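Subject: Structure for you to look at, with notes

Dear colleague,

I am passing on the structure that follows, together with an account of what was found in it. Please read the notes with the model open beside them.

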Amino acid sequence: MTDRRAAEPLLEIKDLRTGFWTEAGLVRAVDGVSMTIANGERLGIVGESGSGKSALAASLLRLIGPTSGEILCGEILYRGRDLLALSEDQMRSVRGGEIGMIFQDPITALDPVFTIGDQLTETIRLHRRVGRREARDLAIQALTDVQIQNPAQRLDAYPHQLSGGMRQRIVIAIALSCQPSLLIADEPTTALDVTTQAQILDLIGRLADDRGMAVILITHDLGVVAGFCETVHVMYAGRIIESGPAAAIYHRTQHPYSAGLLGSLARLDAARQERLSPVRGMPPSLIDRPSGCAFHPRCDHAAARCRVESPELISHGGDQLAACHLAGQLDLAGLAGGGAGLAASGAGPIIPQRSGATG
Ligand code: SF4
């Protein structure tokens with residue numbers, strides 16, 4: 001990872017801010033996010049519902065609805081080109097052609113009135129100058145790549161005729177059919193059972209390795225990124241509050257919120273009586289952020305300073321960054337309990353707790 005990140009970044013995000021206008025005020029969904037991703041890197045963005053991670057993903061592809069939302073400022077540099085400066089026509093060729101995206105729910109990502117073949121060949125013909133016959137051959141190859149049995153027959157199927165796991169494989173096939181160099185996967189396994197989750201992640205990982213493709217995996221579940229991502233960014237209230245190599249985040253988390261997410265994970269290989277410790281309370285309003293550290297109303301370690309002074313995302317040693325006044329001074333091993341060691345164990349089978357810390 002070190003060599004990859006030393007090279008020119010594939011994608012560089014600088015101080016990105018995205019808001020949504022509501023009757024109650026401006027929802028600051030992405031509030032000053034900066035990050036880079038290298039060619040071939042696997043990067044995880046983790047946080048609860050409402051942390052801003054999906055708004056960040058939509059911002060990267062400029063999919064923020066013009067009537068309610070707006071990218072307020074920042075830069076999104078893809079191979080050095082600022083995506084925010086491109087025309088809508090230029091952006092259309094980036095979407096799908098250079099950056100692919102997988103959405104959470106494959107049933108809503110696929111159009112129910114068109115066959116799989118229609119939807120796949122339409123994408124291929126939009127981004128690659130090929131005729132109908134060649135597009136069909138490429139579509140069959142795309143289905144073969146995602147391990148769909150009898151791919152030629154599946155082209156004539158409608159989405160409702162396929163299982164959830166198969167639909168997600170089709171969505172992956174569509175996203176990868178134009179051979180993007182970056183794949184953004186927004187909760188790609190949330191709608192699937194645990195066994196299919198593992199198969200889909202394994203498939204994405206193998207395809208990414210075969211193609212040298214970078215992946216941004218967005219999830220509420222730190223267990224899902226364990227063993228998949230090299231780098232992890234934890235988001236809270238629209239900001240990155242901890243980031244670094246995955247092993248560092250899992251073994252030596254420096255932020256109480258990340259520790260809480262880890263502590264809310266159950267493992268099948270853990271002792272039966274082990275208690276989970278989800279993050280207490282609810283995510284804050286993004287219209288009226290708490291003063292100081294936005295996590296302070298939920299933090300068991302909050303001090304007077306935390307209520308007035310917003311912590312910067314800085315290094316407290318090594319290449320790990322944390323936005324916490326007490327980073328490096330807290331013993332968070334107990335809080336992180338059930339999650340610590342996931343990265344080293346290859347993640348194992350993990351069941352995320354879906355109340356409290358997740359949403
Ligand atoms: Fe908790 Fe204070 Fe650190 Fe925020 S800055 S996470 S309130 S200890």
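What share of the contacts in the protein chain with a separation of 6 or more comes from residues 24 or more positions apart? Such residues account for 68% of those contacts, where contact means heavy atoms within 4.5 Å.

Please keep in mind that this is a predicted model, in which local features need pLDDT of at least 70 and side-chain atom pairs count only at pLDDT 80 or more, while totals for chains, interfaces and linings use all residues. Residues are numbered from 1 along each chain as its sequence is written, and side-chain values use heavy atoms, with hydrogens and water left out.

The protein chain has 13 helices and 14 strands, taken as DSSP runs numbered from the N terminus (helices H or I, at least four residues; strands E, at least two). Of its 359 residues, 51% are buried, with buried meaning under 20% relative accessible area, exposed over 50% and partly exposed in between (1.4 Å probe, protein chains only).

Leu43 and Val232 are 189 residues apart in sequence, yet their C-alpha atoms are 5.7 Å apart in space. Leaving aside residues up to four places away in sequence, Leu43 touches several others, among them Ile37, Val215, Leu217 and His233, and with 0% relative accessibility Leu43 counts as buried.

Turning to the ligand, the space it takes is the largest cavity, in the sense that a molecule sits in a cavity or pocket if more than half of its atoms lie within 2 Å of its grid points. For both kinds of space a 1 Å grid over the protein atoms alone is used: a cavity is a set of points where a 1.4 Å probe fits but cannot get out, a pocket is an open set with protein on both sides within 12 Å along at least five of seven lines, and lining residues have an atom within 4 Å of a point. The whole structure holds 3 cavities of 30 Å³ or more, and the largest cavity has a volume of about 90 Å³, a volume being the space filled by probe spheres set on the points, which are joined across faces, edges and corners. Its lining consists of 14 residues, with Pro256, Cys293, Cys299, Cys306 and Cys324 nearest its centre.

The residues around the ligand (one heavy atom within 4 Å of it) include His255, Pro256, Phe295, His296, His301 and His325. This shell divides into 8 nonpolar, 4 polar and no charged residues, where Ala, Val, Leu, Ile, Met, Phe, Trp, Tyr, Cys and Pro count as nonpolar, Asp, Glu, Lys and Arg as charged, and the others, Gly among them, as polar. Pro256 also belongs to helix H12, in which 8 of 8 residues are buried.

The largest pocket contains about 550 Å³ of space. It is lined by 19 residues, of which Gly96, Met101, Phe103, Thr123 and Ile174 are the closest to its centre. Strand S6 (99-102), helix H5 (116-127) and helix H8 (164-176) each give two or more residues to that lining, H5 giving the most with 5.

Lastly, Gln179 has a positive phi of about 55 degrees although it is not a glycine; Gln179 lies in the loop between H8 and strand S7 (182-186).

With best wishes
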